[in-house]
Amino acid sequence: MQSWLPIPESASTLSGEVDALYYYIWGVTVFFTLLISAVVIFFVIRYRRRNPFEIPRPIEGSTKLETLWSVIPLLIVITFFAWGAKLYFAQYRPAQNAIEVYVVGKQWMWKFQHATGQREINELHVPVNRKVKLIMTTEGVIHDVFVPAFRIKADVVPGKYTTEWFEATKPGTYNFFCAEYCGMNHSGMRGYVVVMEPTEYENWLSGNAGQTSPAAAGRNLYESLGCVSCHGANAEGGRGPALLGVYGSKVVLNNNASVTADEGYLRESVLNPQAKLVTGFGPIMPSFQGQISEEQLLQVVAYIKSLSTSKPEQATAKPAPSATPSAGAKPSPTAKTSSSPK
Amino acid sequence: MEEFVIPKQPGSNYLNAEYGLKSWLLTKDHKRIALLYLGAITFFFFIGSLYAMMIRLELLTPQGDLMQSSTYNKTFTQHGIVMVFFFLIPAIPATLGNFLIPMMIGAKDLAFPRINLLSWYIYMAGGIITIYALLAGGVDTGWTFYVPYSTTFSNSYVIATGVGIFINGFSSILTGLNFIVTIHTMRAPGMTWFRMPLFVWSHYATSLIMILGTPVVAITILLVALERLAHIGIFDPAAGGDPVLFQHLFWFYSHPAVYIMVLPAMGVVSELIANFSRKNIFGYKFVAFSSLAIAVLGFLVWGHHLFVASQSVYAGMIFSFLSFTVAIPSAVKVFNWTATLHKASISYDTPMLYGLGFIGLFTIGGLTGMFLATLAVDVHVSDTYFVVAHFHYIMVGGTLLAYLGGLRYWWPKISGRMYPEGWGRFSALVVFVGFNLTFAPQFLLGYMGMPRRYHTYPVELVSWQVLHVLSTAGASILGVGLMIPLIYLVWSMRYGRIAEANPWHLPGLEWQTPSPPPTENFLTTPIVTHEAYEFAPPEHKEVVGKFERQQPAES
């Protein structure tokens with residue numbers, strides 16, 4: 001397949017369907033291009049001017065034909081739309097039970113950190129047949145992680161976390177590229193995703209073990225940045241809300257709105273604590289904007305996530321409507337609703 | 001109209017009415033202003049083409065061997081800025097539109113001749129400032145000026161370029177305003193809305209977009225400059241801003257801007273198809289209203305540029321659906337042009353070759369847009385060469401071909417001379433072949449994963465290099481195809497055969513007056529008694545369908 005079709009290797013659970021949709025649109029568009037070209041060429045030859053004085057009979061047009069050639073294309077493009085939208089939903093819905101990798105884009109390199117601590121630059125090792133979710137941000141300009149073999153692409157935007165996921169189906173080494181123009185060395189901001197058999201991957205992980213995991217690094221930052229004084233030595237809460245079990249839960253705010261505590265919310269609460277105050281707590285937390293790098297922030301977020309067993313995709317806590325202020329700050333991790341962090 | 005007396009040797013026309021530089025630089029004649037634009041636009045097209053050739057040469061090899069990355073980045077940025085803002089947007093409206101709209105509706109000039117001249121000076125001021133920015137050191141943000149790269153990280157002449165584009169925008173707005181007022185108030189007696197040539201309809205729709213859209217890009221550029229100078233924080237997340245907001249604002253104008261470029265081209269093609277097949281346009285009203293539908297729907301699809309830019313999944317779905325709906329009026333036009341050819345009398349003159357080429361290339365450009373409107377496929381091909389190929393099929397295959405065809409069609413009227421037909425047909429063919437060879441391989445490159453704006457690409461991907469070599473070879477052919485008309489059109493101004501008033505024997509008002517026209521366009525105000533594209537006068541219906549006719553309208 002790779003040898004003769006002008007498409008990149010197809011190596012993820014979704015890439016085959018993207019190709020199928022691509023071929024479907026090709027089929028329809030090539031058919032119409034040939035049809036229109038054939039009709040135009042036929043008319044141009046058949047009705048060429050044979051006599052310099054000839055004047056053809058005027059034809060006014062036909063509402064019936066106009067309707068026909070508006071409605072048929074509309075019906076066809078609706079099939080493109082529906083299939084494309086369904087697949088897009090699958091591409092961008094955050095994966096469940098995925099291996100999480102933190103990604104920070106910089107001009108002009110990619111830094112990856114695995115949940116188990118391994119750090120990589122411009123290379124990403126992942127196991128085959130496992131979902132891998134990239135949680136991405138950038139310290140400067142917009143970048144984009146594009147892996148042609150997996151048919152995925154997502155911008156990496158300053159000021160927030162974006163995610164994308166894939167499940168590789170074939171071991172191998174695949175190119176990835178930065179696909180959003182980011183300055184001088186944009187075309188050098190590329191690397192390889194190395195997909196390995198599970199045992200090989202375990203070997204790779206243990207060969208690179210001994211590095212502090214992001215959660216442990218986050219715990220150290222939690223202490224050194226003084227978070228303990230308000231959120232408690234064991235994140236049990238105090239003058240600030242408890243952080244134990246907060247990730248993935250639904251948090252009630254002081255305006256009675258509620259938000260799901262996903263990575264984006266945790267990030268915002270560190271950089272701009274006043275934006276969404278938990279009900280019952282005053283606006284006393286200082287902003288850590290500029291005090292903490294994107295990588296450190298990801299580690300703090302990883303630490304807070306490690307305090308919670310639930311994931312936002314699977315379970316989100318929903319405090320009882322009668323929750324007292326302090327209960328609102330410490331939601332029960334057992335209540336369930338479905339919700340997506342996007 | 002048939003009783004018009006057309007002097008064989010007009011004593012004075014708009015070209016020889018006055019002489020001297022001052023008579024051109026202070027002219028209020030829409031025809032002379034159109035020629036001022038023609039000269040300036042040709043100059044900018046030449047600059048933009050030089051950048052294009054530099055890009056194509058650099059990509060012959062995977063390594064960066066011709067220039068450094070920073071130079072390459074400036075090259076594609078400046079190619080985009082010069083071509084989009086200083087060639088494609090004004091190309092057809094400011095030259096052919098300016099020259100022909102008053103003539104087609106039987107008016108002496110545009111409604112506001114001084115504003116028309118002012119818009120040329122504004123265009124020149126914007127252009128000179130932009131050229132200054134390019135010469136002083138250039139700009140490397142991409143023509144899209146995405147933040148925060150353009151506001152915080154780029155060390156190039158962002159503000160100077162922005163000022164040039166900002167100023168240039170006012171020339172668009174004034175031209176659009178002038179056209180709208182002219183079309184509403186200056187039509188000759190009997191020139192009802194549905195007797196107007198479709199060229200005028202499409203310029204009406206274009207003018208609406210110019211007036212409604214251009215202020216938004218002006219505001220956006222202003223915000224970029226304020227952010228860069230004063231750090232107001234609107235796009236900076238650290239200050240509570242949002243970099244994606246910029247993309248929404250930018251594309252709110254820049255997607256409709258695509259229709260500013262292509263709607264006038266569609267108007268030209270309607271004229272070419274009808275006149276060179278001696279048939280009224282099939283479904284005239286559908287073609288006219290599809291221009292307005294495109295102008296309206298074009299404002300609702302900007303979000304399809306943000307499918308991978310962290311926009312909400314549901315917003316993506318809505319924008320995807322709306323993007324498909326805007327395809328329908330474009331398809332309607334293609335079908336109606338095709339149907340017009342049915343039982344027609346088709347000549348193979350150069351303008352018609354461009355018109356037919358436009359139908360083919362615009363169809364490919366439009367249909368490849370379907371891939372990009374389809375969410376899941378766009379995720380893969382967004383920001384790759386697939387997108388580059390798609391919009392070049394629309395911009396070059398569409399707008400440039402229509403512009404070249406239109407220039408050839410109205411050349412006898414504009415210059416009073418005929419161009420050499422043999423060279424015309426030959427260069428049209430060269431352009432068509434060169435264009436396809438340049439951009440067709442880029443569709444494949446894009447799906448294979450080659451990102452756009454890449455100075456270098458992996459050496460091990462041999463198939464990528466093969467496609468780039470084909471593309472560069474095509475660009476060289478295209479370059480030759482574009483040089484030939486430049487030479488023979490200039491040549492024909494002095495040595496071409498003297499053109500008759502109506503060399504193509506057509507019923508349009510612009511042909512019922514001498515070539516080149518007198519300053520006031522018509523010797524007497526025309527009174528319109530029939531529809532557009534009526535090739536046989538109503539009192540001579542009996543000749544229709546027969547292969548004879550006493551005389552062409554005049555000879």
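Visitor: In the hairpin of S2(A) and S3(A), which residue takes a positive phi, and how many residues lie between the strands?

Guide: This is a predicted model, in which local features need pLDDT of at least 70, side-chain atom pairs count only at pLDDT 80 or more, and totals for chains, interfaces and linings use all residues. Residues are numbered from 1 along each chain as its sequence is written, and chains are lettered from A and ligands numbered from 1 in the order in which they are written.

The residue is Gly117(A), with a positive phi near 110 degrees, and the hairpin has four residues between its strands. Strands (E, at least two residues) and helices (H or I, at least four) are DSSP runs, numbered from the N terminus. S2(A) and S3(A), the latter being residues 119-121, run antiparallel and are joined by three bridges; two strands pair if DSSP finds at least two bridges between them. Within S3(A), Arg119(A) is the residue opposite Gln113(A).

S2(A), residues 109-114, also pairs with S1(A), residues 99-106, again in the antiparallel sense, over six bridges. Those two strands form a hairpin as well, with two residues between them. Trp110(A) in S2(A) is the bridge partner of Gly105(A). In a regular strand the side chains alternate between the two faces of the sheet.
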